[in-house]
There are 2 protein chains.
Amino acid sequence: MKVLVLGAGQLARMMSLAGAPLNISISAYDVNSDAIVHPLTQQQLGTGLTKAIADADVVTAEFEHIPLPVLALCQASGKFFPGETAIKAGGDRRLEKQLLDSAGVRSAAYHIVNNEADFKQAIQQLGLPLVFKSALAGYDGKGQWRLKQPEQAAALWQDIAAFLATDQQQAIVAEQFIPFQRELSLIGARNAKGQLQVYPVTENHHVNGVLSVSLAVAGNESLQQQAQQMFSAVANQLNYVGVLAIEFFEVDGQLLVNEIAPRVHNSGHWTQQGADVCQFEQHLRAVCGLPLGSTALVRPSLMVNILGEDTVPQPILALPGLHLHWYGKTKRAGRKMGHINVSAADTAQLKQRFLQLIALLPESAFPELTQMAQRLN
Amino acid sequence: MKVLVLGAGQLARMMSLAGAPLNISISAYDVNSDAIVHPLTQQQLGTGLTKAIADADVVTAEFEHIPLPVLALCQASGKFFPGETAIKAGGDRRLEKQLLDSAGVRSAAYHIVNNEADFKQAIQQLGLPLVFKSALAGYDGKGQWRLKQPEQAAALWQDIAAFLATDQQQAIVAEQFIPFQRELSLIGARNAKGQLQVYPVTENHHVNGVLSVSLAVAGNESLQQQAQQMFSAVANQLNYVGVLAIEFFEVDGQLLVNEIAPRVHNSGHWTQQGADVCQFEQHLRAVCGLPLGSTALVRPSLMVNILGEDTVPQPILALPGLHLHWYGKTKRAGRKMGHINVSAADTAQLKQRFLQLIALLPESAFPELTQMAQRLN
């Protein structure tokens with residue numbers, strides 16, 4: 001089976017590695033170069049997008065910031081999953097908020113801001129503190145502003161107005177600031193028959209707005225149930241096919257949706273070692289019409305992102321339960337270069353192994369890990 | 001890091017999949033076409049063997065039946081692991097028997113047969129029944145003859161003489177027939193520092209001389225100890241670097257070596273899901289000078305070979321703990337096309353899952369599985 005992935009980064013690469021054992025071969029559309037490449041070797045395959053779509057049995061995406069004409073072309077092929085509507089909802093916070101509202105799923109109260117009147121109304125209607133997020137192309141904490149004090153509003157509006165002026169399509173979604181205790185995510189899959197399989201809820205830790213660590217341990221049943229219910233509502237609303245990720249804020253035991261990602265997700269990389277079938281294989285199964293696999297937690301696991309580094313100390317490879325995943329990328333400050341998965345028989349052993357790993361990693365490149373290890377109890 | 005693998009079959013392919021996350025890129029030398037190919041895509045890479053060796057950081061092999069000039073060329077590069085001597089010992093039963101003798105490791109009593117006088121002496125010296133095995137290029141039960149009754153000797157000699165006449169380099173190793181209860185194997189790795197890591201002993205079931213099922217469950221400590229001791233003796237004798245497989249006969253709780261394979265091995269495919277670090281990654285770690293990984297059994301597991309079939313019933317993918325591994329090959333009768341790994345929390349669950357799988361597989365293509373499932377207790 002042949003699958004074309006929109007996007008040629010690490011997610012397409014890991015789909016390629018997961019697909020090969022199922023005789024699913026992956027080609028990838030590099031949005032920047034407009035070329036079709038092999039996602040593992042990055043070798044150009046010499047076909048244009050139109051031919052690549054025609055040659056593929058299935059088209060899917062590894063990210064949501066895709067030019068609209070490309071989405072339309074894929075949608076017209078009739079073999080694009082999860083499809084244009086889902087990808088757009090993941091790439092535009094206005095559509096995302098509409099989706100969450102129509103699915104009846106809780107998220108932060110919001111107001112769309114296109115001009116100064118909207119900006120003022122957002123403050124009046126929602127109160128402070130507020131978070132202003134760009135509607136398009138915002139990820140990893142980029143394109144976000146916070147407003148805590150009324151006297152900062154005028155200056156902030158100047159910044160936001162300048163930002164809006166750069167792009168006619170752009171808008172801002174103003175959201176009530178949520179004083180959350182934890183950030184969680186749920187990764188799951190839905191197939192064309194409407195069957196659902198979700199992984200255990202993952203606890204995520206960000207540093208400077210970028211995911212640093214995800215923890216998947218024996219779950220809190222109440223949170224798992226809430227997350228699954230919201231996942232089902234969103235996935236069914238979209239008639240979704242493929243792997244979908246939903247990020248949540250936890251506030252006093254209640255979940256609110258932060259955002260959705262209509263694709264495999266960084267906070268699901270632990271499934272490569274910790275779950276029965278990993279998210280990359282599961283996504284391919286869903287979009288290719290194969291039976292969904294078990295999402296059971298095989299071993300408590302965690303993932304540490306490698307950001308901006310192209311080496312790690314070799315001795316970490318000798319640690320039991322450790323797996324290193326490089327993405328074959330050229331080093332650049334802050335870039336997601338790879339990740340480390342750690343698995344263990346139980347939470348106590350996982351904590352012990354995490355502490356062994358932390359002791360070997362340079363703190364400058366891997367900050368705040370010790371605090372995160374203290375969460376494992 | 002760049003690794004060149006001699007041989008471009010499924011073992012090189014699975015090394016490629018295991019190496020990518022470590023940023024180890026694999027090219028493969030197809031002995032039949034004399035071409036350098038990508039082991040996953042089989043795309044020709046346009047470099048000759050000499051340049052491919054020069055470009056590689058490390059050279060290794062996925063099989064032992066390699067032309068001697070190729071072995072010599074690789075050996076001269078100084079970066080060939082496990083190296084010429086080990087590969088030759090795996091490809092020539094005469095050298096293999098010498099190796100086992102000098103390592104002080106038990107195997108069936110034998111006699112080398114080059115002519116009729118040797119043939120008669122083998123019968124006289126070893127007694128009947130005997131197994132005659134071709135010294136070169138014999139695998140999966142090919143190039144083997146059995147002699148049970150003295151009156152069959154003359155006719156058998158005619159067959160063997162005709163076989164020997166086809167190849168000047170060929171010889172026969174006559175071995176005492178071993179009335180074994182089980183066939184076992186031990187896969188392990190040795191690095192350049194002499195460190196060893198072995199997996200749990202695997203129980204293997206052959207049908208018509210070809211491996212059908214491997215079982216890796218909680219071990220028999222005495223057999224594990226014997227196997228490890230013999231593994232160490234052979235690996236140290238060869239100053240071995242890489243993954244090495246040793247097949248054993250079990251006779252009344254005692255092990256004798258059947259044969260060695262200086263490479264990753266079909267009976268170790270279960271490690272992809274059942275062990276901490278799989279044999280393919282472990283081999284690459286050893287030959288690339290990276291730390292060896294943990295070989296701990298994560299979950300009791302088994303492997304079923306897919307022989308001569310290019311489809312399996314799709315519903316098997318819904319079984320928990322099941323992983324399907326296709327090799328991307330064109331269908332041919334009896335050909336190793338892929339394998340199925342099954343893992344579970346304990347032996348009882350593994351048996352239950354195996355029986356669920358058996359119920360879904362066509363018995364004609366997967367014979368004798370039910371008998372094998374009965375071994376799981």
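In what order do the strands of the open sheet of 4 strands with antiparallel pairing in chain B run? The order is β5-β8-β6-β7. The model is predicted: local features need pLDDT of at least 70, side-chain atom pairs count only at pLDDT 80 or more, and totals for chains, interfaces and linings use all residues. Residues are numbered from 1 along each chain as its sequence is written, with chains lettered from A and ligands numbered from 1 in the order in which they are written.

**View 1. The antiparallel sheet of chain B.** This open sheet has 4 strands. Strands, marked E and at least two residues long, and helices, marked H or I and at least four residues long, are DSSP runs numbered from the N terminus. At the edges are β5 (110–113) and β7 (144–147) of chain B, each pairing on one side only; two strands pair if DSSP finds at least two bridges between them. From one strand to the next the twist averages 20°. Strand β6 (residues 130–134) and strand β8 (residues 172–176) of chain B run antiparallel and are joined by 5 bridges. Ser134(B) faces Ile172(B) of β8(B) in the pairing, standing opposite that residue.

View 2. Axes are lines fitted to C-alpha atoms, for helices over the stretch in contact, and angles run from 0 to 180 degrees between N-to-C directions. Helix α6 (residues 116–126) of chain B also packs on the sheet, touching β5, β6 and β8 of chain B; the direction of α6 makes about 170° with that of β5(B).

**View 3. The mixed sheet of chain B.** Another open sheet of 4 strands in chain B has mixed pairing and the order β3-β2-β1-β4. Each of β3 (35–37) and β4 (58–61) of chain B has a single partner strand, so one side of each edge strand is left without a neighbour in the sheet. On average, neighbouring strands are turned by 30° against each other, direction ignored. Strand β2 (residues 25–30) of chain B pairs with β3(B) in the antiparallel sense over 3 bridges, and Asp30(B) stands opposite Ala35(B) in β3(B). Helix α1(B) packs on this sheet, touching β1 (2–6) and β2 of chain B, and its direction makes about 170° with that of β2(B).

**View 4. The crossing of α1 and α10 in chain B.** The axes of helix α1 (residues 10–19) and helix α10 (residues 279–287) of chain B come within 8 Å and cross at roughly 75°. That makes α1(B) roughly perpendicular to α10(B). Contacting residues (C-beta atoms, placed from the backbone, within 7 Å) are Met14(B), Met15(B), Ala18(B) and Gly19(B) of α1(B) and Phe280(B), Glu281(B), His283(B) and Leu284(B) of α10(B).

**View 5. Strands β1 and β4 of chain A.** Strand β1 (residues 2–6) of chain A pairs with β4(A) in the parallel sense over 4 bridges, and Leu4(A) stands opposite Val59(A) in β4(A).

**View 6. The contact between the chains.** In the interface, 27 residues of chain B are in contact with 27 residues of chain A. Strand β16 (residues 322–326) of chain B gives the largest share of the chain B side, 3 residues.

Key:
Two residues are in contact if their C-beta atoms, placed from the backbone, lie within 7 Å. Angles under 35 degrees count as roughly parallel, over 145 as roughly antiparallel, 65 to 115 as roughly perpendicular and the rest as oblique.
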